[in-house]
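User: Hi, I have a new model open and would like a quick tour. Could you walk me through it?

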Amino acid sequence: CFNKPIKMTPEIIAVWADILLAVPDSRLFLKGTAFNNPEPVDRFRRLFLDRNVDPDRVIFEGRSPHPALLECYHRVDISLDPWPYSGCVTTLESLWMGVPVLSRPGTSFAGRHSASFLRTVGLDDWVVDDFGTYVNKAVWWANHLDDLAVLRGSMRDQVAASPQCDGPRFARNLEAAFGHMWRAACERTALSR
């Protein structure tokens, strides 16, 4: 998870701990500017230790220049979305770099970005409704790395071909929305005279 640590609540830490315990050789890679400082690293190490996870199984890495950050995705099998606030740009970068994102949408707008992106690129089955399914799906993929490699090998093409990367379509839709808003504003103005 390369999202900001403020999005990493105790609830999602517990879920990630369950995944780590279910996949004994797995490691969790947390990356972000906050991890340049010892305080958040120590806090997260304690949270995992409280969940019976050896904190040495969690990799903490601070900020990198953007190209180096993107290269870090080559060290990742699956991105785990935080909860209740999901990733946004982080999710898009992960998908572009060929790493699927497992997400349980939150109830707010800020908790549903990843779900929207995943569905738009055709990864609906990576959006789950509950934490039990989140854990089970992460464990399944961690134990089926050959299948994961096939998915990852086609992911950039899948993202590039999706509406997510269709600039002309976005422009047409935005233009239509602006036209609709303009006409509605003109009608309201005409009615108020």
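Analyst: Happy to; we can start with the overall fold and then move to single elements and residues. Keep in mind that this is a predicted model.

User: Let's go to H8. What span does it reach?

Analyst: Helix H8 covers residues 167-192, 26 residues in total, and its first and last C-alpha atoms are 37 Å apart. That is close to the 38 Å expected at 1.5 Å a residue.

User: What is going on at the start of H8?

Analyst: There, aspartate 166 has a side-chain oxygen within 3.1 Å of the backbone nitrogen of arginine 169.

User: Nice. Now H6 and H7: at what angle do their axes cross?

Analyst: The axes of H6 (residues 131-142) and H7 (residues 145-160) cross at roughly 95° and come within 7 Å. With angles of 65 to 115 degrees counted as roughly perpendicular, H6 is therefore roughly perpendicular to H7.

User: Which residues meet there?

Analyst: From H6 you have Trp140, Trp141 and Ala142, and they meet Leu145, Asp147, Leu148 and Leu151 of H7. By class, that contact has six nonpolar residues, one charged residue and no polar ones.

User: Switching topic, which residues of H4 are buried?

Analyst: Those are Thr90, Thr91, Glu93, Ser94 and Leu95. They pack against helices H3 (66-72), H5 (113-120) and H7, along with strands S3 and S4 (101-102). After H4 comes glycine 98, with a positive phi near 85°.

User: Where is proline 82, and what does it touch?

Analyst: Proline 82 sits in the loop between S3 and H4. Leaving out residues up to four places away in sequence, proline 82 touches Cys1, Asn3, Lys7, Met8, Ile12, Trp16 and Gly87. Proline 82 counts as buried because its relative accessibility is 1%, where the cut-off is under 20%.

User: Which peptide bond is cis?

Analyst: A cis peptide bond joins tryptophan 83 and proline 84, with omega about 10°. Proline 84 lies in the loop between strand S3 (79-80) and helix H4 (89-96). For context, most peptide bonds are trans.

User: Last one: what is the phi of asparagine 52?

Analyst: Asparagine 52 has a positive phi, about 65°, although it is not a glycine. You'll find asparagine 52 in the loop between helix H2 (38-50) and strand S2 (58-61). Asparagine 52 counts as exposed because its relative accessible area is 66%, and the cut-off for exposed is over 50%.

User: Great, thanks for the tour!

Terms used
Residues numbered from 1 in each chain as written. Predicted model: local features only at pLDDT ≥ 70, side-chain atom pairs only at ≥ 80, totals over all residues. Heavy atoms only, no water. Helix = DSSP H or I, 4+ residues; strand = E, 2+ residues; numbered from the N terminus. Expected span 1.5 Å × (residues − 1). Polar contact = N/O pair within 3.5 Å; in protein donor to acceptor, adjacent residues only side chain to side chain. Axes fitted to C-alpha atoms, helices over the stretch in contact; angles between N-to-C directions. Parallel < 35°, antiparallel > 145°, perpendicular 65-115°, else oblique. Contact = heavy atoms within 4.5 Å. Nonpolar A, V, L, I, M, F, W, Y, C, P; charged D, E, K, R; others polar. Buried < 20%, exposed > 50% of the residue type's maximum accessible area, 1.4 Å probe, protein only.
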